[in-house]
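I opened my notebook beside the model and jotted down what I looked up, one topic at a time.

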Amino acid sequence: MPFALTRPVGELRFGAFTLRERAERCLGAKCLGHLTSEHLAGFDEPDAAPVLRLEDLAHDRALLYLSSRAVLDFDARPAVDRAGPLVSVDGEVAGWLQRAGDAPPPPTFIVDPAAQGAGAPAPPADRLPGRLLRNVWELVTRTPQQVARDIAWLFPTASAAGPPGAHVLGEDRLVLGRGAAVEPGVVLDLRDGPIWLDEGATVRAFTRLIGPAYIGRNTVVLGGCAVGVSVGPMCRVHGELEGSVVLGYSNKAHDGFLGHSYVASWVNLGAMTTNSDLKNNYGSIHLWTPTGERDTGELKLGALLGDHVKTGIGTLINTGTVVGAGSNLFGALLPPKYVPPFSWGSGEDLSAYDLDKFLETAAIVMARRDVELSASHAGMLRRAYAVGRSE
């Protein structure tokens with residue numbers, strides 16, 4: 001949370017790829033879809049895998065059920081010809097290999113793979129190299145290192161020549177995808193890590209981009225300084241960004257600071273929206289979770305903003321703030337450290353966002369990126385609204 005209310009966890013970006021994209025690349029296999037919360041049926045974001053039901057999967061071929069929290073090392077492969085079905089990652093059961101003709105794993109396994117065989121002897125698990133994400137804030141704090149790992153794996157030797165008129169500092173990898181454009185006057189700083197500009201990405205003049213950084217397909221960096229970021233696809237960003245992730249189709253098109261934060265899809269941050277990522281006493285930052293407040297142990301951690309969040313001009317957000325999906329925040333007052341999903345208001349004065357008005361705005365926002373809010377996706381958002389507001 002707050003992301004899992006409106007999207008499968010596998011469609012969250014970590015490093016240069018979504019968790020689902022990385023699993024596909026590492027395993028050399030296509031993801032059929034996500035097994036997740038029932039209310040997410042109908043999720044159909046562009047280029048994403050669909051939400052499936054366990055009972056709808058065919059059993060005439062081998063299938064790997066893999067935890068969305070698994071971050072595999074590249075070229076990982078499970079052993080198909082082995083005795084037991086269990087697959088472990090980072091010392092924990094995180095997958096189930098179903099061979100052709102075998103029965104699928106029980107639903108209890110899907111809910112909690114690590115509990116498989118608890119209290120009873122279990123067959124040894126095939127080990128896949130990698131690690132598991134165990135806390136939501138790791139999507140933020142570990143992204144720069146993961147971006148560097150992803151670029152090093154995908155482009156082990158390539159380094160593009162500096163674009164005409166741009167200033168390139170350092171000697172790490174610079175990757176320019178097809179149609180990527182860098183205007184004169186841009187500084188590309190490779191001294192602390194590589195930079196990958198994916199297909200159609202544009203970096204406008206008077207931008208300083210410091211690696212490790214990934215700028216996704218058709219994303220435009222409009223100016224300012226960005227360091228240790230993963231942005232896109234189809235985003236517009238400007239101002240100061242540090243150690244942050246901006247998922248697809250979101251806008252931060254004006255000045256303002258975004259630090260050590262995670263911004264989900266279809267978010268719009270009004271001009272001068274700024275978050276804090278460091279406490280005045282330099283203490284450890286605490287974060288709301290569904291099971292209670294947690295001490296993250298992190299010195300720097302900003303905000304987690306769910307899908308379709310909107311902020312008005314000049315909005316200020318405190319350290320360790322969680323803003324639920326579909327919320328619309330405005331005014332000069334700091335919102336609470338936890339904003340329930342589909343909230344509307346200023347400061348602590350929050351009410352429920354009218355569902356029909358929310359869907360009307362969502363349809364307009366998505367159409368601006370040439371994406372239709374389909375009936376199935378709208379139905380999913382209606383169910384997410386009911387779940388989120390009831391909790």
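This is a predicted model: local features need pLDDT of at least 70, side-chain atom pairs count only at pLDDT 80 or more; totals for chains, interfaces and linings use all residues.

The largest cavity comes out at about 40 Å³. Which residues line the largest cavity? I noted His-308, Lys-310, Tyr-353, Phe-358, Thr-361 and Ala-362. Helix α5 (residues 355–367) gives the largest share of that lining, with three residues.

**The nine-stranded sheet.** Next I traced an open sheet of nine strands, in the order β10-β13-β16-β18-β20-β23-β28-β31-β33, with parallel pairing. At its edges I found β10 (174–176) and β33 (338–339); each has a single partner strand, so one side of each lacks a neighbour in the sheet. I then looked inside the sheet, where β23 (residues 262–263) runs parallel to β28 (residues 303–305) and two bridges join them. Val-263 sits opposite Leu-305 of β28.

**The four-stranded sheet.** I also followed an open sheet of four strands, ordered β3-β6-β5-β7, and its pairing is mixed. Here β3 (63–66) and β7 (126–128) are the edge strands, each with a single partner, so one side of each has no neighbour in the sheet. From one strand to the next, the twist averages 30°. Strand β5 (residues 86–89) pairs with β7 in the parallel sense over three bridges, and Val-89 has Leu-128 as its bridge partner in β7.

**Aromatic pairs.** How many aromatic pairs does a search of the whole structure find? I got 13. I picked Trp-288 and Tyr-338 to look at: their ring centres are 3.7 Å apart and their planes lie at 10°, so I wrote the pair down as stacked. Trp-288 belongs to the loop between β26 (286–287) and β27 (294–295) and Tyr-338 to strand β33, so the pair ties together parts 50 residues apart in sequence. Trp-288 is partly exposed, at 24% relative accessible area, and Tyr-338 is partly exposed too, at 25%.

I then turned to Phe-342 and Tyr-385, a tilted pair with 4.9 Å centre to centre and 55° between the planes. Phe-342 is in the loop between β33 and β34 (343–346) and Tyr-385 in helix α6 (residues 375–390), so I logged a link between distant parts of the chain, 43 residues apart. Are Phe-342 and Tyr-385 buried or exposed? Both are buried. My last entry is a cluster: ring pairs link Phe-330, Phe-342, Trp-344, Tyr-353, Phe-358 and Tyr-385.

Note on methods:
Residues are numbered from 1 along each chain as its sequence is written. Side-chain values use heavy atoms; hydrogens and water are left out. Two strands pair if DSSP finds at least two bridges between them. On a 1 Å grid over the protein atoms alone, a cavity is a set of points where a 1.4 Å probe fits but cannot get out, and a pocket is an open set with protein on both sides within 12 Å along at least five of seven lines; lining residues have an atom within 4 Å of a point. Grid points are joined across faces, edges and corners, and a volume is the space filled by probe spheres set on the points. Axes are lines fitted to C-alpha atoms, for helices over the stretch in contact, and angles run from 0 to 180 degrees between N-to-C directions. Rings of Phe, Tyr and Trp (its six-membered ring) pair if their centres lie within 6.5 Å; planes under 30 degrees apart count as stacked, over 60 as edge-to-face and the rest as tilted. Buried means under 20% relative accessible area, exposed over 50%, partly exposed in between (1.4 Å probe, protein chains only).
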